[in-house]
Each structure stands twice: as structure tokens, then as C-alpha cells.
Amino acid sequence: MLFRSGVLTPVRTSYALGSLGVLFIAFPESNEMPWPLFGLLAALGLVAVSVRLSENVMLGLGVAGLFVYVPMLIFEWFGDSLGAVVALLISGLVLLGIVVGVVRYRAVSS
């Protein structure tokens, strides 16, 4: 972490730049299979770490990463079939469940 060593003094700036770096390092040059999966794992990791640290900047960037990588994976797996639409619906419901879970966890832990 750059803010601990004094290179980047504002903590939120350090979190934002680090989160963007994690998300863009996994951004693929093409939609070949392993890269969107790495991006999805990176975005889920950011959401998990943001809940632990209670940091809204990381949470926002993690959710934005989910909105980028989840459709990439769905259209990679299902293509233009009807399964893609159903998978987008299910993933949207899962993301809504994650948001509700994060809010409830923060309310309980505060």
C-alpha cells in the first residue's frame, strides 16, 4: 500500500488508484476466456476487502468492475442465445443480494 510508505498521502487516493490498477491489470486485450474470469475475481476481491476496511471508494470501484466483467463472461459463455438474457437477470439478482448483504453486514458491525 502506497499510503503506508508515505508515497501517496491521501488514503482514499491510494485506495482508488490501487483499485483501478487491480481492475485494469485484468482487463483483456481480447475476450478470450481466462481474462474476464480474472477480472471478475479481482472485482469480487475488491468488494470483499472494501467491506472489511469500510471503504466506499473500493466498494464503488469493485461494483463497477462487476458491471464490466460479468457481462463479458456471460456473453463469452452463452453468446447471443436466450441463455445470456437469463444469465444477466440472475447475475443482476445476485449483485442486488450482495449489496443488501453488504449493507446489513455494515449495520450489524457498526
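This is a predicted model: local features need pLDDT of at least 70, side-chain atom pairs count only at pLDDT 80 or more; totals for chains, interfaces and linings use all residues.

Residues are numbered from 1 along each chain as its sequence is written, and side-chain values use heavy atoms, with hydrogens and water left out.

The protein has five helices and zero strands, where helices (H or I, at least four residues) and strands (E, at least two) are DSSP runs numbered from the N terminus. Of its 110 residues, 33% are buried; buried means under 20% relative accessible area, exposed over 50%, and partly exposed in between (1.4 Å probe, protein chains only). The accessible surface is about 7100 Å², and carbon and sulfur atoms account for 72% of that. Areas come from the Shrake-Rupley method with a 1.4 Å probe, and for residues only the protein chains shown count as cover.

Helix 2 covers residues 11-25 and spans 21 Å from its first C-alpha to its last, close to the 21 Å expected at 1.5 Å a residue. That expected span is 1.5 Å times one less than the number of residues. Its buried residues are Ser14, Tyr15, Ala16, Ser19 and Leu23.

Leu20 also lies in helix 2, but Leu20 is partly exposed, at a relative accessible area of 32%. Together with Leu17, Phe24, Phe27 and Val68, Leu20 forms a nonpolar surface patch with about 460 Å² of accessible area. Helix 2 supplies the largest share of this patch, three residues. Patch members have over 30% relative accessible area and no salt bridge; like charges are joined within 9 Å and nonpolar side chains (Val, Leu, Ile, Met, Phe, Trp, Tyr) within 5 Å. A salt bridge puts a side-chain nitrogen of Lys or Arg within 4 Å of a carboxyl oxygen of Asp or Glu.
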